[in-house]
Structures are given as structure tokens and as C-alpha cells.
Amino acid sequence: MNNPFERIVEPLDAKEPLKKFFNLSKLEDVRYARLPFSIRVILEAAVRNCDEFLVKKHDVENILNWKVMQCKNVEVPFKPARVILQDFTGVPAVVDFAAMRDAVKKLGGDPEKINPICPADLVIDHSIQVDFNRRSDSLQKNQDLEFERNKERFEFLKWGSQAFKNMRIIPPGSGIIHQVNLEYLARVVMDQDGYYYPDSVVGTDSHTTMVDGLGVLGWGVGGIEAEAVMLGQPISMVLPEVVGYKLLGNPQPLVTSTDIVLTITKHLRQVGVVGKFVEFFGPGVAQLSIADRATIANMCPEYGATAAYFPVDDISIGYLVQTGRDKEKVLCTKKYLEAVGMLRDFKNSSQDPDFTQVVELDLHTVVPCCSGPKRPQDKVAVSDMKKDFETCLGAKQGFKGFQIAPSQHNTVIKFNFEGCDFELTHGSVVIAAITSCTNTSNPSVMLGAGLLAKKAVEAGLTVKPYIKTSLSPGSGVVTYYLRESGVMSYLSQLGFDVVGYGCMTCIGNSGPLPDTVVETITQGDLVAVGVLSGNRNFEGRVHPNTRANYLASPPLVIAYAIAGTVRIDFEKEPLGINASGKKVFLKDIWPTRNEIQAVERQFVIPGMFKEVYQKIETVNESWNALNAPSDKLYTWNPKSTYIKSPPFFDDLTLALQTPKTVEDAYVLLNFGDSVTTDHISPAGNIARNSPAARYLTSRGLTPREFNSYGSRRGNDAVMARGTFANIRLVNKFIDKQGPQTVHFPSGETLDVFDAAERYRQAGHPLIVLAGKEYGAGSSRDWAAKGPFLLGVKAVLAESYERIHRSNLVGMGVIPLQYLPGEDARTLGLTGRERYTIVIPENLKPQMNIQIKLDTGKSFHAIMRFDTDVELTYFHNGGILNYMIRKMAS
């Protein structure tokens, strides 16, 4: 056919003519067969929506001409099939929807037009904390405390599930969002409105990419952008480059999927894949289970890509059967993928697409490793851990340094815990957590941890009682197969009792350490260690008292817990000495791949998944008992410290306000590289001496009632005060770590919020200066909303992580980027200048604009509004303002 824009529509089965699909593979154009599979999903979604004139014919033509230079700046509207949210990002989304209904009504529109059009699932998994551990009733006590703390939030979410159509809530205690998505919610192929088409998803959590391991194209977006998608707005994206990651060979017997993903993370950070898709191919992919692929896809944000896609193959189809999906639907899924040429055979190189770049990894070269002490991409071979940590101790303060004086490296502080004497030193492990979606979804590493625990207990090894150990499975299925295989009791004997079903330690909900342990760490100024099977170890995230945090596989988490320190060479030093005086080495108890696979085949079966998931929405009695109002408009409680109507739409009018030049802005903060969203908007505990604490105290709350920043994302007054409140914040204006800055008019050093408030009262706009990778980390929208409320009009950085840039756009904050080869140093910027950002009348995507300084100097920067649609949002003051005006009119 001559016109690639025409769609071939045909039935999947002659018996079911109503079940149709768009068959782009039958285009009389060989170029389609050379497209990366991830781009085919984008193209299919764009063409499926072409009746809405969302795609131009020449854009489809450019997509088919899959060459880097021709694809650049091709703007594609992408409508995902689904949206997925978790409660930390879901609560502010529902708060925004409730406030948007009020705003639409105020402007004379129908408030019920604010309602999800795109189906949305919200999984409550971020609220539970590790308050209790090492006891058989830890799970119940933590869940009870979760409801006690979060009852008001949960009632609000339940109201949302009733007030808004098309939004389903998965109650607390069900599992981690991404594992629930992988095991239960993901369809792979959608069967809706009489058509089959590929499943795709965007989520308000950066690790939404985990489902890419099953062949469902998905990635994290800002909560603000997700809200617009739920309301029917497509994502306007510049077609990304696709890096082909070729996997070869077989993993060594002692290597886990965690070791593989940490190796890939370091590799791809070096390659540079920010803003790009990564698509995996090659015969090595066929050696990986879906759980292994999901582990690799999960850490996509840590290596900076937008998506990390594994096309569907027969192993993917087998996983759908293993996890208890309907057999008839699985059969149709396979038939559809075969019909459209999207069922991949990784061993068949003739199916390999064209990529913009290809990199390779031989799986046989991967060795057991960890990552840390402060970033996921800083991989360390386990054999080098002792030496590497000791090097970090004395190194200059930074990502790989703590600047401890050499005379203090062997400091030992003795303390008493539960009537016994112990000692801590630099490198002592105080937190050991099997946690997060990255690893707890993978039966091989979870059963591996269980088998290692069994052998450790049988060898007479124990874990010191002051170490905070925990196990937080990604779903009830994990507990099921750990129990049925007989390893759960051994995990419990080492202190790894199930403490909850949620993200917990991985997102900073690690709960308190024993007071004596904290006092000992503080007394010796010790670099204490957390070891977790998570995906992030940014400073201040896991726990305020663990300055070093290492990501590791679940078996290694147990090994380091037994050793009690990371200053150990497992090859030369024993894990411990048992009661009979025998030295036990890690190699003596490490389970083989064959052992693990035999147990997995026997105990990870479809019946488990069916039994757990058929009752997932009704099993939590505490959730069932919640009473929520039934009104379509939410009745705000002025006394609430959890749920508050945000001020974003207070002065909104139907008429657009022309963007104005930002005049004489002060610099609120001056940052270096790798400032994360955890630095900008922390999720963990609220420090007692912080502006947020002072606000909550003024509302009559005691410190034990503060809860966490993550739990209070429905209250803008708390979240604005919590912006830039991370205790590990490094601001060039201050000579020590901490959430403070200089208020230049007075010269005083103040908490960031207090300084911003002074500037606001005086009518001064603000900007933030930053280095590379600004906004790395999670998708939290409050990392953009918070600075907006502080009066930040723009950020000037060397580069941005994709999601955070999108969030800034969504809030109307201008993301500015230095010209290539320039930065604050080359331009001689100190941050003490005042900045005027000249906004031209006729804005264009990625145009250069002028910035004038009060010193008389000026320079140019790129205004990172990347598409015409993003400029439309900016003219509206943000994406939500645009949606309100659209609905009201």
C-alpha cells in the first residue's frame, strides 16, 4: 500500500469477527519490520488514535524511516492503555482532582467532567513502616499502626474510588505496586471496545518500567502528567532514540539477577541513556526468566533511560500461564502477537531491529556485586567490598567518600543491648532489609535467600540482635511459596520475619533504630551501614543514621547481616564461628542455581497466584470497614493536617495570562551534580527541628504523630515546608550538609522554607542553580510542586532527569539548560547574582533565551520546553490549569 497512514483492520479469528486489530505489520513497507519493538507499540497507539488528528502523515513516514537524524524532533502523541499509581503519588493526584472539580465548578463548568477516562489502578503500598521487627506478630502490629496513622488518608482514597469512575483501589497489605502490576494487573494485550492492541502503561512511580520485563511498554511520569493522561490527554513526546542492549552468554552459577542489573546500571550510566529507550535483544535474553527481566527493567530509572523494554516471547507467554492468567486470553494474546509480527524469538537474529546504538554484555562476565555507598550506579564487586569501603572512609566527601580522618578509621564504640555487650565501628551493619519491588518479585533470589538462611541456621550461624532485620515481600505470593517450600522458619530464626507488604525500607520507611544504637553511632561519628535489596541508596533516604547504604541481592543481605559488617572479605574470612568453634564461610552455605531452580519448579505454581489475587480487593477487613463520604465534591476539613485543598487554582481565570519575563530573581539554592528528588522532596521522617515539624506542632500534634513526608503529600502546607528539607542536602552557599541556605538581603543563614518565605513576602522571585542530572530518582510530583510553592520560577541546570523536567513543565516552572560546553564555572556564576530571564513573545520548543545578571553580564540558555504541547502548558501556567480551562469551556 502506498500510504503508510492507512490502517489494515482485520479479525483475529474468523469465528470472532468483532474482535479486530490494526495490522500495521501488513503495511507494504519493509521499513516497519526494522523498527524496534518498543517503537512499534508507540506507532500502533498513535495510529490507533489517528481519527482524533493526533498524528500527521509525515510523522508516521518519519517513524518508519527509523534513522536517528530523521527521527529527531518528531513529536508523537502517545495514549497509554492504562495508568497506575501508588498512594504517595495517588493521594496528591486525588487531591488535585478534588480541587480541580471545585475550580471547574467555580468557572461555570460541570465538575464531573473531571473524571478518569483512561483506566487507573491505585495500589496502596507506600504507607507501612518497619516499626516492629524480629517478632512473630510484626506484620499485624505494623499493619495496625499503618491504619492508625493513615486512616484519614485511606478514607480520602476510598472517597476517591467512589467519587471517580474508572479508578480502582488495591487496598493496603496487598503488595508492592510493580509486583502487583506484573503478576496481576498487566494484560500484555488489551481486549477492549472490540479491538486487540498492545498493553501499555504510565505510572506515577518511576519504577513503573518493571512491567517492561513482561513486554508491556511502560514508564514513570510525573503525577501531574499522569493526571492529565487520566483525563484523556495524550502524552506529547519527542520520539526517543532506542539503544539496543545485546545480551550474550549464560550467567555464572553463583550470579543472581541483582548482580546482573547492578552491572547493567553502571554500564548504561557510562553509555548515557537519559531520555532514550533501551531495548534488550540477543540470545542471552532467552536465558533470563521474566522475573530476571523485570529486575533489569525495574532499575531503568537508576540508569536514566525512559523505558527498558523486553519484547514478548514464548517465555513471557509461559509466565502468564504460571501466574494464573485466563488460558483463553493467553491463547488470544499469543495469536494476536503472532499476527502482527510482535512475538519475538531472541535466538533468531533476523528479527533484530535497527537501533540508533548497540551495546553488548556477556552475561558470563558478571560477578557477584553490590552498589554504593551512596548511588545505585556505583557498582562494587563483592570481592572488593572491604577494600572499597575502607577507601571511601578516608576519601574526600562525595559520592564515594566520607572524609573520616585516618586516625579514626578503626574507632570502636562499645554499648549494651538487651543485657549483652556489643561494639560498633565504621562499616558495622545496623539495617539489613530484604525489600523493594526490584528483588522481591523474583522467586530465584527470594528462594535463594531462604535456602541460604536454612543452611546458615543449620551451620549454627546467627544475626546480632541489634541489627534491624526485615522481610517485606512484594506480594502475598512470595510469602506463600517461602512458607510452602519450608524456608520461612529459617528466615525468621535469623530475624527476617515478614514485617509488611509494601516498599518499606527501600523508600525510607525503615522505622526507628534502637536508641542505644543511635547513641553509639552518634558518639563515635560512625559511618554505619544499611544493606538492602532495593533500587536506591541516595543519601538520607534509607535512614538518617546510616551514612553508607549498599544495594545487594537478598542472599547477600542475609550474608552481611550475619557478618555484621561490610569490612569483610568473604573469600578469605569466615561469616562466623558457630558454637562448636567451626569457621563457616559464605561459599559453604551459598545455594547453587540448580538447587534454587528445583525448588522454584516445585513450589511457584499458578494456583498460588490465583488464590492470592482473586481476593486481593476484599481481603483487608480494616479497609472494608472504612466509611467514606459519597459526595461528588469533596468536603474539605480545615482542621486536617493530611488532606488540604491546594492553592494551585485559587486565582485561575478562563483567560490566559501571557508569560512574563522573570525580573531580578535571587538564587535560593546553588547545587552541584546528581541532586535527586529525595534531596528536593524527601519522603521519610519529619525532623523535629524542621519547619514542617514546627507547623505540625502549631496544629497540636506531638512528634510521634508527625508520620512521614510521604504520608502527608495531600497537605501543601507540610510539603512546602518539607521542600529541600533533606538533612544530606549539599548547598554551595553553606559549608556543611543540611537543609539551609543564605538569605542574601539580610545575610542570614535560614532553613530553606524560611528563607523562601522572606523572599516571597518581599515580592522577590527565585531560581535554583544545579549541575548534571538534576532531579534524578523517583517521579514524585512534589519535587516540582514544592519549589513552585516556594516561589521558584526557574531552574538552571546542566542536564535534567526526564521525569523531573516533565514535572517542572507541568507546574509552569521553567527548566533552563546551559548551552553545550557551558556551566556555572565557565560562566563565572557564583549564585550571589540576581537573574533576569527574558521571555520572548513568540516561544518555540527548545529555543535559546537570554539571561541578564545584575552585574551587567548576560548569557544564553536553552528553554527546555521540548514540544509545542509543553509550550501550551506553559502559557496556561501548567498542565492542570490547561485541563481545567479545557473542561470548564
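Contact here means heavy atoms within 4.5 Å. The model is predicted.

**How α7 and α32 meet**
- The crossing of α7 past α32 is left-handed.
- From α7, the residues I224, E225, E227 and A228 take part in the contact. From α32, their partners are I879, L880 and M883.
- By type, the residues of this contact are five nonpolar, two charged and no polar.

**The surroundings of α32**
- Helix α32 is largely enclosed by the rest of the structure, because eight of its 10 residues are buried.
- The buried residues are I879, L880, N881, M883, I884, R885, M887 and A888.
- These buried residues pack against α7 and also against α4 (87-106), α29 (802-810) and α31 (868-875).

- Buried means under 20% relative accessible area. T469 has 0% relative accessibility, so T469 counts as buried.
- Its side chain makes a polar contact with the side chain of R134, at 3.2 Å.
- Leaving aside residues up to four places away in sequence, T469 touches N133, R134, A432, V463, L494, G495 and F496.

How values were computed:
Residues numbered from 1 in each chain as written. Predicted model: local features only at pLDDT ≥ 70, side-chain atom pairs only at ≥ 80, totals over all residues. Heavy atoms only, no water. Left-handed = near helix turned anticlockwise from the far one by under 90°. Helix = DSSP H or I, 4+ residues; strand = E, 2+ residues; numbered from the N terminus. Nonpolar A, V, L, I, M, F, W, Y, C, P; charged D, E, K, R; others polar. Buried < 20%, exposed > 50% of the residue type's maximum accessible area, 1.4 Å probe, protein only. Polar contact = N/O pair within 3.5 Å; in protein donor to acceptor, adjacent residues only side chain to side chain.
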